[in-house]
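Hi,

Here is the structure I promised to pass on.

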Amino acid sequence: MVNLLSYEKLYNVALSEKVKLKIEKSILVIAMLSFLLHLALIYLKRYDLLNIFEDSNFFDNPIAAIYTPFSFILVYEVYLLIFYLPRSITTYITKQYEIITLIVIRRIFKDLSNLELSSNWFDIKNDIAFTYDIITALILFFMIYVFSYLRENLENNVKTHVDVPQIKQFIKIKKIMATMLIPIFVFIGILTFGRWLMDAAPENLSATLKDVNSLFFDEFFAVLIIVDVLLLLVSFFYTDQFHKVIRNSGFIISTILIRMSFSVEGVLNNILIFASIAFGLGILWIHNKFVKNLKLE
């Protein structure tokens with residue numbers, strides 16, 4: 001039998017508060033350096049000192065440089081999602097919503113660099129994409145605020161009926177899952193970046209960069225769906241309450257919708273992202289009402 005204590009040690013090595021702070025500082029430094037490097041490449045191209053990116057509009061506008069540090073911030077958000085996995089399921093789901101919202105925000109910076117300011121705003125593809133993204137980001141931000149409010153209200157006012165030893169055992173299982181996720185996501189990241197290096201060409205760099213981000217997060221959320229299903233199945237050992245089963249099942253559907261959004265573009269992408277968080281928000285709101293009614297009985 002595998003010694004669970006070994007997982008506890010690995011968990012502390014990869015996912016302790018001290019390690020989190022170190023990773024946070026490292027990511028911030030890398031993000032700043034990547035931003036400056038991207039800016040430098042843009043101005044080198046502008047003054048004809050570097051022409052290998054001649055056919056890529058990703059190096060035309062300084063605003064596009066903001067896209068690069070946001071990519072590293074998203075890497076940190078992925079780490080935070082794994083970090084918060086052993087905590088409550090709603091905190092873990094909130095991090096998923098924050099990640100997809102940051103992806104939309106990052107895309108807005110790319111949209112800004114491609115804007116064509118004219119009276120024919122709604123006839124220009126890039127301008128319409130910017131409009132959809134900026135409205136979507138505002139709505140998502142508000143929905144995450146409401147979701148967080150409902151989550152905190154639930155955690156502050158509802159007492160669990162599960163015994164303390166059972167809670168500790170369930171948390172231990174989630175720590176094992178979180179520990180196993182670290183090498184999986186590192187592998188996915190290295191694999192997708194390696195594919196990008198092999199396929200990337202300067203004249204097609206902008207499109208290739210978009211593809212590698214979609215590929216990583218597509219596979220990332222595919223693994224999260226598996227994790228969500230496992231959490232649901234494991235939770236049956238500790239509770240069979242209908243409202244909790246429906247809540248956790250609803251969160252799986254929400255994650256699936258997020259993953260589906262990576263396979264489409266345009267307004268359908270925004271609709272799927274919006275629907276995923278709206279569905280999760282609705283599930284949590286009904287769940288809280290259900291719990292409140294149970295307390296009144």
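Let's start with the rings. Two rings of Phe, Tyr or Trp (for Trp, its six-membered ring) pair if their centres lie within 6.5 Å; planes under 30 degrees apart count as stacked, over 60 as edge-to-face and the rest as tilted. That rule gives 13 aromatic pairs. Phe83 and Tyr84 are one of them: their ring centres are 5.2 Å apart and their planes sit at 85°, so this pair is edge-to-face. Phe83 and Tyr84 are both buried, where buried means under 20% relative accessible area, exposed over 50% and partly exposed in between (1.4 Å probe, protein chains only).

Phe242 and Phe290 make a tilted pair, with 6.1 Å from centre to centre and 50° between the planes. Phe242 belongs to helix 8 (residues 242-261) and Phe290 to helix 9 (residues 267-296), so to speak distant parts of the chain, 48 residues apart. Phe242 counts as exposed, at 54% relative accessibility, while Phe290 is partly exposed at 34%. Elsewhere, ring pairs join Phe185, Phe217, Phe220, Phe221 and Phe262 into a cluster.

Phe83 also has a charge over its face: Lys20 is 5.6 Å from the ring centre. The test here is NZ of Lys or CZ of Arg within 6 Å of the ring centre and within 35 degrees of the ring normal.

Before you go further, a word on the ground rules. This is a predicted model, in which local features need pLDDT of at least 70 and side-chain atom pairs count only at pLDDT 80 or more, while totals for chains, interfaces and linings use all residues. Residues are numbered from 1 along each chain as its sequence is written, and side-chain values use heavy atoms, with hydrogens and water left out.

Now the fold. The chain has nine helices and zero strands; these are DSSP runs numbered from the N terminus (helices H or I, at least four residues; strands E, at least two). Of its 297 residues, 46% count as buried. Taking contacts (heavy atoms within 4.5 Å) between residues at least 6 apart in sequence, 75% join residues at least 24 apart.

Buried residues in helix 2 include Val19, Lys20, Ile27 and Leu39, whereas Met32, at 52% relative accessibility, counts as exposed. Just after helix 2, Asp48 has a positive phi of about 60°.

Helix 3 (residues 67-84) has 18 residues and reaches 26 Å from first C-alpha to last, close to the 26 Å expected. Helix 3 is mostly covered, with 15 of its 18 residues buried.

Which residues touch the most other members of the largest nonpolar core? In this core of 56 residues they are Tyr92, Ile99, Phe217 and Phe220. A nonpolar core is a set of buried Ala, Val, Leu, Ile, Met, Phe, Trp, Tyr and Cys residues joined through side-chain atoms within 4.5 Å. Helix 4 (residues 89-113) gives the most to this core, with 11 residues. Leaving aside neighbours within four places in sequence, Ile99 is in contact with residues including Leu74, Val78, Phe217 and Phe220. A second, separate core of seven residues includes Leu39, Leu41, Phe58 and Phe59.

Cheers

Notes. Expected span 1.5 Å × (residues − 1).
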